[in-house]
Amino acid sequence: MPVVALETGRFSQLVGADKKKILDRLPYIGLDIESVETDRIRVEYSPNRPDFGTDYGIAKALRGLLGLELGLKRYEVHPSKIVVSVDPELSSVRPFIACATADGLDFDDEDIRQLISLQEDLHNGLGRRRKMVAIGLHDISLLVPPMRYRAADPSFKFLPLGESNPMQLDQILAETDTGKAFGGILAGKNRLPILEDSKGTVLSFPPIVNGSATRLTTNTKSMFIDVTSMEMPTGDDVLAILATTLADMGGKIGSVKVSYQGASRDTPDLTPSQVSLDTRLISRVTGLQLSDKQILDCLRKSRLDVSGQSVLIPRYRVDILHPVDIAEEVALGYGIDAIQPEYPPSKEPGSLNRLNQGLDRISESVAMAGFIETMNFDLVDTVSLYARFSRSSDSRIEVENPKTIEHSVLRDSLLPSLMAVLSRNVQATYPQRIYEVGRVFLRDGAKVVETPHLSALTAHSSASFSEAKMYLEALALVHLGGPIQTRPAAHWAFAEGRSAEVLVKDRSIGYMGEVSLSALAGFGIDVPVSGYEIDLSSFLQNKL
Amino acid sequence: MSEPAKTPLHPLEQRVLAALKDKQWVDFDSLVKSSGLLPDQVRRAVSWLASKGLITSREKTTRTLTVQQDPAELLLIRGIGKTGSPMEKLRQTFKSNQEFAAALGNARSSGWIAVEQKDGEPIVTLKDKDKAMQNEAFIESLRGKETEEGKIPAEYRSYAEKLVTRNVLKRNESKSVTLRITDEGVKAAGEATSEDWIERLTPEVIARTRLTGMSPKLRPIDVSAPASGFYPGRRHPVREFIKEVREVYLSMGFVELEGDNVQPSFWNFDALFIPQDHPGREMQDTFYLSGLVDRTINRSGVVDRVASTHENGWTTGSRGWRYQWRTEEARRLLLRTHNTVLTIKALSESKNKEARVFAVSKVYRNESLDYKHLAEFHQMDGIIVGDGLNVRHLMGFLTEFYKKLGMKDVKLWPTFFPYTEPSLQIMGYSEIAKDWIELGGSGVFRPEVTLPMGVDVPVLAWGPGIERLMLLRYGLDDIRALYDGDLAWLRKRVEFASSST
């Protein structure tokens, strides 16, 4: 989740409150305080509030909650007279663009840092790593409108930001870091998007890189913002957040006319949107009995406002989807810590699941016989599940792109996990008796079937088949409905001649035996090991 | 009350008395050796015996001598030839004139040498070589060890004293305790040996006793000796904690669910109003099963209602996520990332307007493991469905639930989930970290979630993790320790007594 660094002194001034008050209230606008240092507070914000990407956005919200500045903040937009024409060829490449200007800027280093951080967060969040939305921030002073958002050949050349020589578009994609990171978004396109002014100065090559000519510095007084996107509403949302942030920073926002073949629209549109005010719903959701005035006060603390029967929502709020979102704004304005909890008593009695109860009873019995219960991961590595037992891994169930190979296949047996536990405990005293009750995963055509299994192993200098059988038989008589029959049968875990299939009432339920020498060697265990693994499914009731 | 019977001597006491039977003063270390017992055992026996007056102790000061350096006069002697040596030549073998003069003087006064004039030069000759050699031998016998002063032969005592003054020999003093048997102790030792102990009861001894009517005495054993280790079978601590959680839920009127760990993406994500391009749905964070899909997911019924809600809000009154919903994405099989999938399914199948259900089971996230993160862990999800429920009830429930699990103090802070509004994160206080720690999330399900399921009453939901809470309880700082399979910990961990009322 994205993080914002708040310089304490600067932030305190922006908010108009001291550090203590700020730290106390930050959680109540939904921010997680990551760390508090003498000169800095780092906060984490949720992706539904991209407007929290700078200290300006957070300060705006906090001032509301603290009662220092209430209601909707109005944003004025004046027409900049700049036109951006859109090449229809781009409709199959990267169709939408929305732009704005910001004048009268007076940035310091921290302002720029905050702005770049916001841009990065927008790219990763709403921008879906630039695939959905990409942003270009430009110093306007050298640009000569109108601008053209057009399709260019891969051989088109310009000087990208960060490079010393002009490069072709295909070169940029193949050779630069951003080209390699984001070039996949333009894969398969033989005409690529370029934003340039009337003199051919390139502003950007979206979503890859900006032109060097329009680089931002602390001297920048006027900016041009371009937001390209795959979906117009999301592009507009991102532009709105950037424009309102720049306005918060003291900029005057200018609208740009974006001209698609024939039709044109002015961006950004910062007029507040409206959602109907449903006071009954608000009461229902929050459990608070509030008068209309109280509701209004709470909304104003959340920097919203009411006009007639509608709630006015500032353009930088992209998270209001449904009237319940208004109910939450009321609760936040009220103060989550001011809400009185009320315990909801139950009318009906509860009950525990029979399948789980059954598994528990069996597990208790095994523990009572002197075994230590282990819990091991369902995702294991192919070596301990297959190779160490000379098994084929053809039927394996794999996960895509696991972060570690230790957790890459779903286990179809518990026994290898138990062997791994024994191999990690060769320094502990013997006898070692361990077990696990868990699920195993098997392919059944196109489906995956999950089955509860029990496996137990005993390890010590005289561990034997008869010992394992003694334990399993005792368990079977109590929980499995009868004595076990053991027929000789080969199994990948057990030594030849010391391996058996286990049956109860003529139905096969699993295997038992003495673990083979090669498996012992593979796991580095120097004492004999014997045990069993059985399928518990037919012994558990899972429906009433 | 009559006088209590005299308790027989403990076998350790008997051994120590036997080792002291010579009625000599014996020091502690020698006693350990001669009794064949461990130092600890000897210490115990000595303290019992002393309190009974059967042995007595005294502090002894032992003086020993060690050789610091060679006496100069011996060096002188060694340098004298058979027929004598010129004094000048001898003088040169010494570092200083003073040393030479002292050596000469000492050798002379001991009567070992004589100085004569020969041809006008002083010559030193050996007068009593044997005596000198004897002294040399004496010093050799002391070299490289500590010798008790008492063991020095009488004829060398005064010589030794002189050597101490001259720093040739060094005197060391050490105090030690020595022990000696008393007359009562001698008597007690004698009595004890005449007793007839048997080592242990056996079926034969018991049978014989019945026949003969004689009851032999059992030799007393050292009851304070440590027992051999034994590790009883045990449940895994996470299972024990899960049991506790299930019981808390039961006590609050909840019905337990269980279900498959493998789910189609539809129930894990789409049904929870998580858009199909949400970053959390990516392979980076989720375990998708290679090449496996659920073909029963088709755009009809509940699937269609959910899809429409994503696209445009359907009839929920929402704006929706405004994108094109795809069936193939919803069909992908994955390992569930939370348990809400079970509660949501139950919601869709239930015809009841009121319900309380929970599930405590495994969830999976495609993460690298570190001290705070696991790829497989457990959540204790629950929902309460009912008319009139609101966020205050959610807060009330969570406060009570955590109180029953031993966390007296929980804080609820606003947060965000795509499927709940309002959303609250549950914070618990860690005594070890001295800080508030996130225990899990909760909220009121959005209408975009409940309405497509056919539920038009509020649903409160929460899905905190189990392992985080266990770390706080057990004072562990590494979450992986819970699943390491460390037998030492699994065998020896101390039972935790919940501090909740």
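Biologist: How many salt bridges are there between chain B and chain A, and what makes a pair count as one?

Modeller: The count between chain B and chain A is 15, a salt bridge being a side-chain nitrogen of Lys or Arg within 4 Å of a carboxyl oxygen of Asp or Glu. This is a predicted model, in which local features need pLDDT of at least 70 and side-chain atom pairs count only at pLDDT 80 or more, while totals for chains, interfaces and linings use all residues. Residues are numbered from 1 along each chain as its sequence is written, chains are lettered from A and ligands numbered from 1 in the order in which they are written, and side-chain values use heavy atoms, with hydrogens and water left out.

Biologist: Why is the pair B:Arg392 and A:Glu342 called a salt bridge?

Modeller: The closest N and O atoms of B:Arg392 and A:Glu342 are 3.5 Å apart, and the limit is 4 Å, so the pair qualifies.

Biologist: Which helix gives the largest share of the side of chain B that touches chain A?

Modeller: Helix H16 (residues 391-404) of chain B, a DSSP run of H or I with at least four residues, supplies eight residues of that side.

Biologist: What is the area buried between chain B and chain A?

Modeller: About 7,700 Å² is buried, with carbon and sulfur atoms giving 52%; buried area is the accessible area (1.4 Å probe) that two parts lose on being put together, summed over both. B:Arg235, B:Arg392 and B:Pro414 supply 9% of what chain B buries against chain A, more than any other three residues.

Terms used: Helices (H or I, at least four residues) and strands (E, at least two) are DSSP runs, numbered from the N terminus.
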